[in-house]
Amino acid sequence: MAQLPVEKELNKIDAELRIVEEDIDKLQERKTTLLKRKQALKEKANEEATKKLASQDWESNDFPWTKKLYQTLKDAFHIEKFRPMQLSAMNATLKGHDVILIMPTGGGKSLCYQLPALVSDGITLVITPLVSLMEDQLASLEKLGIEAAKLNASSSKEEVNMVHLAMTDAKSSLKLLYVTPEKLAKSKRFMTKLQKMYQIKRFACVAVDEVHCCSQWGHDFRPDYKYLGVLRSLFPTVPIVGLTATATLNVTNDVQKMLNMKNSLVFKASFNRPNLYYEVRIKPSTQKECIDELVQLLTNRFHGQSGIIYTTSVKDCDQLASELRQQKCRVASYHASLEPADRTEVHTGWRENRYQAVVATIAFGMGIDKPDVRFVIHHSISKSMENFYQESGRAGRDDLQACCIVYWRLSDLFRLSTMVFTEQTGLRNLYAMAAYCLDPERCRREIIASHFDERWESSSCNKMCDHCSKDSTSAEINIVEHLTTLRQILERAEEQQVRVTAQKLIDAWQNTGQVSLRLPDFKKAAKLPRDKCESILAHFLLEGYLKEDFHFTPYSTISYLLLGERAHFINKEITMKVEASSVDEAEKASSSRGKTTRKQSTTHSAAAKKSKVEDCLIDVSDSD
Ligand SMILES: Nc1ncnc2c1ncn2[C@@H]1O[C@H](COP(=O)(O)OP(=O)(O)OP(=O)(O)O)[C@@H](O)[C@H]1O
Ligand SMILES: [Mg+2]
Ligand SMILES: [Zn+2]
């Protein structure tokens with residue numbers, strides 16, 4: 001049948017449309033390719049620009065502001081010379097670039113925005129995560145006669161009005177304005193003032209202190225820090241400097257993205273704090289012994305010196321402080337549940353040495369800058385190496401020697417694990433901290449360095465850690481039989497449909513506690529000191545032979561233990577390094593069957609003298 005003219009035309013249009021569609025597809029493809037290429041070239045251009053920027057001599061003394069910078073350093077801060085990276089960071093910000101500065105705790109990051117603030121016209125906005133940190137900085141600046149102000153949730157109306165006036169008054173001598181990120185996120189009135197300050201060219205610089213809080217990968221993520229991304233678009237010509245002591249490459253990249261930084265320069269100083277002595281102690285098993293030991297430390301080794309004792313919970317904090325006070329120690333507790341006025345009282349009392357030590361939760365942390373802190377004691381481990389580095393970094397900021405002591409006890413690990421296991425990397429971070437405590441020979445600095453991806457020669461420690469100072473010797477022991485024992489106990493538990501915590505597991509291992517869990521053939525079991533059982537169990541946990549299994553009750557979360565993946569693939573040996581001295585102890589305790597050969601390895605000549613202790617720590621006595 002012949003086609004009607006209408007149908008003919010319809011077919012023709014369809015055919016043409018198909019060709020057009022094909023063309024569109026081709027063009028779309030081309031567009032995607034071009035966009036990709038454009039993005040790649042932009043990134044390359046950025047990279048090259050950043051490289052070019054980074055290759056400039058930022059330590060140079062030839063900038064227009066150099067003379068004024070040195071003069072103000074001396075006159076206002078009474079400091080003679082810069083520490084590594086300080087000058088570079090300042091020159092780069094004063095030139096108008098975005099900067100990320102990674103410098104150890106106590107390295108002197110604050111000076112890197114405070115001094116440029118005095119040298120520049122206008123006001124530098126400082127964003128800090130904690131009110132305590134703000135107060136600390138303002139107190140120091142006030143002593144130096146530098147004009148600074150703060151705005152936070154507890155600022156009075158008068159204070160707010162005064163600050164708002166100063167922001168837009170060309171004659172005001174206000175140089176530094178400290179705010180919390182919440183202030184920026186929540187106060188429209190404040191943002192309007194900032195915009196005005198920008199328009200009249202009084203907005204000198206933004207300093208974001210503890211900038212790792214921007215990143216979800218960091219250890220201290222604060223949702224309000226996310227909002228800071230708008231600063232770059234609202235104030236395109238104001239340089240942003242982000243400062244932190246702890247940022248891995250991941251965190252740095254994330255921070256640059258979050259703050260929309262362009263071609264930012266990253267300056268990184270070595271993590272090392274040469275004047276800090278690192279030490280780990282086994283925490284006594286009873287609270288009384290623990291208090292006695294702390295009292296000894298406060299009244300003898302640290303007599304007349306100032307310090308901080310970190311604990312995990314508010315309850316522990318109050319209890320520990322009260323027990324120490326009963327022993328006539330001058331301490332006060334500090335945690336998030338204190339009223340602001342009480343917090344200020346404790347903080348000031350400690351700064352003025354009315355209290356020898358603050359017993360604190362991590363609420364007393366970032367940015368606390370008392371120069372003569374001679375000791376930081378962790379009554380319980382930190383939840384990550386980042387936290388530990390930052391908390392212990394409160395010590396020795398005057399460059400004089402100070403001590404960082406951690407008390408290790410397995411039960412603290414489980415208390416913390418139930419708090420952090422829901423965080424993305426919570427357990428991994430916590431186990432890294434436990435590994436730091438449990439290592440029997442490696443230089444503590446070396447462990448910290450490798451955690452922060454830095455190369456480290458252990459001899460550079462200068463005997464400033466417990467292992468290097470006593471030339472720790474270690475031996476390797478085979479602990480495979482202990483895993484067999486633990487496996488048998490866990491299997492019994494499973495048959496009886498009961499869950500076991502680490503404490504219950506160790507009880508059964510020691511042939512005490514719940515009778516039904518004990519092994520009938522205890523002859524094969526280990527009769528080790530409880531501390532040893534704890535370190536072996538921790539080793540199994542950190543190495544994946546055991547794993548935690550979390551259960552919620554209406555009142556708490558409990559960590560039970562199960563066999564880990566690796567427990568299914570065991571060879572004849574699972575080796576664990578222990579302090580050589582502890583092997584001696586075990587040898588003394590062990591009896592007839594323990595076939596024990598031993599060689600030692602020392603920290604500094606490990607390769608030369610390393611060997612095995614087979615079957616040691618296996619006690620076959622029938623003594624229970
Ligand atoms: N160039 C310098 N010479 C001598 N002392 C300095 C120098 N720079 C800074 N300081 C001092 O070092 C101490 C620590 O500085 P600051 O509080 O800025 O440390 P930080 O790097 O911010 O550490 P944190 O990460 O713990 O906050 C301060 O008392 C400061 O006065
Ligand atoms: Mg600081
Ligand atoms: Zn060392």
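1. Helix 21 contributes the most to the lining of the second largest cavity, with three residues. Helices here are DSSP runs of H or I with at least four residues, strands are runs of E with at least two, and both are numbered from the N terminus. The model is predicted, so that local features need pLDDT of at least 70 and side-chain atom pairs count only at pLDDT 80 or more, while totals for chains, interfaces and linings use all residues. Residues are numbered from 1 along each chain as its sequence is written, chains are lettered from A and ligands numbered from 1 in the order in which they are written, and side-chain values use heavy atoms, with hydrogens and water left out.

2. The lining of this second largest cavity consists of I282, W408, R409, L410, D531, E534 and S535, around a space of about 50 Å³. On a 1 Å grid over the protein atoms alone, a cavity is a set of points where a 1.4 Å probe fits but cannot get out; a pocket is an open set with protein on both sides within 12 Å along at least five of seven lines; lining residues have an atom within 4 Å of a point. Points are joined across faces, edges and corners, and a volume is the space filled by probe spheres set on them. By class, the cavity lining holds three nonpolar, one polar and three charged residues. Nonpolar denotes Ala, Val, Leu, Ile, Met, Phe, Trp, Tyr, Cys and Pro, charged denotes Asp, Glu, Lys and Arg, and the others, Gly among them, are polar.

3. The chain is divided into domain 1 (55–268), domain 2 (276–471) and domain 3 (476–586), with bounds from an automatic or database domain assignment. Taken over C-alpha atoms, the centres of domain 1 and domain 3 are 51 Å apart. The second largest cavity draws at least three lining residues from each of domain 2 and domain 3.

4. The second largest pocket likewise takes at least three lining residues from each of domain 2 and domain 3. Its space is about 930 Å³. Of its 40 lining residues, C437, L438, D439, P440 and S535 lie nearest the centre. Among the elements giving two or more residues to this lining are helix 16 (426–438), helix 21 (530–542) and strand 17 (575–579). The lining comprises 19 nonpolar, seven polar and 14 charged residues.

5. Where does the largest pocket lie? Both domain 1 and domain 2 give residues to its lining, so the pocket lies between them. Its space is about 1200 Å³, and S110, S140, D369, P371 and R397 are nearest the centre among 44 lining residues. Helix 5 gives the most to this lining, with 11 residues; helix 4 (111–119), helix 5 (131–144) and helix 13 (340–351) each supply at least two. The classes are 13 nonpolar, 14 polar and 17 charged.

6. Ligand 1 is surrounded by 19 residues, the closest being K81, G106, K109, S110 and R397; a residue is counted as near if one of its heavy atoms lies within 4 Å. Polar contacts are pairs of N or O atoms within 3.5 Å. An oxygen atom of ligand 1 lies 2.7 Å from a polar side-chain atom of R397. One nitrogen contact, at 2.9 Å, involves a backbone N or O atom of K81; another, at 3.0 Å, involves a side-chain N or O atom of Q86. The protein buries 83% of the 650 Å² that ligand 1 exposes when taken alone, with accessible areas from the Shrake-Rupley method and a 1.4 Å probe.

7. The whole structure contains three cavities of 30 Å³ or more. The largest cavity holds about 90 Å³, and its lining residues include I102, M103, P104, F271, F452 and E454. Eight of the lining residues are nonpolar, two polar and two charged.

Key: A polar contact is a pair of N or O atoms within 3.5 Å; within protein, one must be able to donate a hydrogen and the other to accept it, and residues adjacent in sequence count only if both atoms are side-chain atoms.
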